[in-house]
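Hi,

Here is the structure I promised to pass on. Have a look at it first, and then read my notes below.

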Amino acid sequence: MKKNREHQFNMLLREIRKEYVGNGPKEITTRLVGPWVISEMKGNLTNVEKFMMGSTEGQRMVHETRTKLVKQIYKDPEVLRKIEVMMDAKILSIYTDINIDIDTAMTIYVFDKPIQP
């Protein structure tokens, strides 16, 4: 049952990322830890972003733009509602970052109560 809840969350994340970014991560691993839902996403960058990373300035731009974009996604009340309904809990905060060198993003969702598998 645990894997099923995590799988459903992964599918929702992929759907959200596709809608906002144009493609979703190639691989998502999610863990439920008390009130935290921790998601590791690999294979996030688009071909254009990969091309831009050929220079130091391009790398800075990709990291900055990706970070701003993801933060903007989580300002959308509809996105938050979908996540809260799925987890049956209110989001208190979201922490996110991407390491563009290894094309891996981490997002930690902090809820108002422990998330049941």
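Let's start with the largest nonpolar core, which has 25 residues. Val37, Tyr74, Ile83, Tyr109 and Phe111 are the ones that touch the most other members. Keep in mind that this is a predicted model. Which elements give two or more residues to this core? They are the helices α1 (2–21), α3 (56–73) and α4, together with the strands β1, β2, β3 and β4. The largest share comes from α1, with four residues. As background, nonpolar side chains tend to be buried together in soluble globular proteins.

Leaving aside residues up to four places away in sequence, Tyr109 touches Phe9, Leu13, Pro35, Trp36, Val37, Ser39, Tyr74, Ile83, Ser93 and Ile94. Two of the core residues with the most contacts to other members, Val37 and Ile83, are on that list.

Now for the sheet. It is an open one made of four strands, in the order β1-β2-β4-β3, and the pairing is antiparallel. From one strand to the next, the twist averages 10°.

Zoom in on β1 and β2 (residues 36–42) and you'll find seven bridges between them, in the antiparallel sense. Thr30 is opposite Ser39 in β2. Helix α4 (residues 77–87) packs on the sheet, where α4 touches β2, β3 and β4 (104–111). The direction of α4 makes about 110° with that of β3.

Cheers

Key:
Residues numbered from 1 in each chain as written. Predicted model: local features only at pLDDT ≥ 70, side-chain atom pairs only at ≥ 80, totals over all residues. Heavy atoms only, no water. Pairing = 2+ DSSP bridges. Axes fitted to C-alpha atoms, helices over the stretch in contact; angles between N-to-C directions. Contact = heavy atoms within 4.5 Å. Core = buried A, V, L, I, M, F, W, Y, C linked by side-chain atoms within 4.5 Å. Buried < 20%, exposed > 50% of the residue type's maximum accessible area, 1.4 Å probe, protein only.
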